[in-house]
Amino acid sequence: MLIAGEWVEAASGKTYTRANPATGEPVGEVPLGDERDAEHAVAAAAAAFPGWRATPVTERAAALRRTGGVLRARAADIARLITSEQGKPIGAARAEVLAAAELLDWYAEEARRVYGEWIPDPLPDRRLLTVRQPIGVAAAITPWNVPVSMVARKAGAALAAACAVVVKPAEQTPLSALAVAEAFTEAGLPPGAVNVVTGDPASIGGVLLGDDRVRAVSFTGSTATGMLLMRQAAGTVKKLSLELGGNAPFVIFDDADLDLAVAALAAVKFRNAGQTCVSPNRVFVHESVAEAVTARLTRSVRSLHVGNGLAPETQVGPLVDHAALAKVERHVADALDRGARLETGGRRLTGGEYDGGAFYEPTVLSHVDSSMLIATEETFGPVAGLLTFSGEDEVVAAANATPYGLASYVYTRDLGRAFRVAEGIEAGMVGVNDTRLSAPEAPFGGVKHSGLGREGGRQGLDEFLETKLITIGI
């Protein structure tokens, strides 16, 4: 682990093995950190914070840009590490590393634009102004599905705001996060500005949430865990930014360009084997085009090649582990038992190249309804469930009939309808005739049970800044 600028083993001396989800073979041994390591990391960040805060913004920005340069230079090697730990196709893994570098470049630029305000004062003998200052030590708890770019997105914003950071990566992808930590150290960040602790989430998270020196926590993961973190953070009144679960609707109206809509649906639904927070979970298709959409999507999905993500021909890799595979199987079985129709897929892949891996055949289900698990829970797997609708108000109500509100998608040629539906859907992000929701320049996040706060864009720095009012009597 990286603590106070040193590469250290866990205080317990214990390790755990991370296995490749495509083969079951070991990828590496990782320190099994606990509360002692977390306390060490928090202390290191607290000690480094004053110096990092005092570092001129141009130097902080340059360090972030250098880190992005290291990631670009090592993109091929880090991509192989991501694929070996997490399973996504190697091309997608390399794109993730390059996206992480872009995020660091963006925050390097935004670090120079942390502006305050001069406020007109009704009193003639007083002046009002604000400055924005770093909140202090920040903790970043990152997910396994985008293990490199999420470290860059969270830590990059915190460092740009002049905070010191403790990163706790997901247990499934610690090596990918440590590769980013190595890039930060090679870029010349001072010891303790970035720390990475791997291991037990309960004991490490307990310290990050309970230690008063940690003033902000950024978490990406399940809603249940996010709620737990909110309760744990209450004792020290921490600032929280949470990107949590989703149940994304993908709405295809009868006037949509069906070829465009289906191609986009297949791309976003089966990316990373359906294991992204913005993957559509409920596909609403107007009843007049349901048959055509089902046929087009089924043809497209049948052509997808499933395999080890390291193979260049692979388009869909394994699920992250066998627990994720079992959840997909349970959702598909429930849907079929309740009357859904299997159009393609619907089975675990075994034998040959699939032995030892957590592979599931890309699947399309039609005649899905809102009573099925696949429409009410986030499947997080390579399964598209199609529901039908007849009217605009009906589908907006159906899209909103969930406690979640992260991503959503609308395909229509009607400009008025596009605005009405985009404004009516309760979600933090809406793609209209587009599925590319993530960009360094744009805010990313959800509403309702999908989270608090935003990452990316100028709003991403706000999660790590405090606004201070200064009054001056004249």
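I90 is placed in helix 4, where helices (H or I, at least four residues) and strands (E, at least two) are DSSP runs numbered from the N terminus. The structure is a predicted model, in which local features need pLDDT of at least 70 and side-chain atom pairs count only at pLDDT 80 or more, whereas totals for chains, interfaces and linings use all residues. Residues are numbered from 1 along each chain as its sequence is written, and side-chain values use heavy atoms, with hydrogens and water left out.

With a relative accessible area of 23%, I90 is partly exposed, a class that lies between buried (under 20% relative accessible area) and exposed (over 50%), as judged with a 1.4 Å probe and protein chains only. When residues up to four places away in sequence are not counted, I90 touches A79, R80, T83, G309 and L310, contact being defined as heavy atoms within 4.5 Å. I90 and S203 are separated by 113 residues in sequence and by 33 Å in space, C-alpha to C-alpha.

S450, by contrast, counts as buried, at 0% relative accessibility. This residue is found in the loop between strand 20 (447-448) and strand 21 (451-452), and, with its neighbours within four places in sequence left aside, S450 is in contact with L242, E243, L244, G245, G246, Y404, G405 and L406.

L71 is in contact with I78, V97, A100, A101, L104, V180 and A183, leaving aside its neighbours within four places in sequence.

For the protein as a whole, 15 helices and 22 strands are found. The radius of gyration is 23 Å, close to the 23 Å that the globule rule gives for 474 residues, so the protein is as compact as a globular protein of that length; the radius is taken over C-alpha atoms, and the rule is 2.2 Å times the number of residues to the power 0.38. Of the 474 residues, 56% count as buried.
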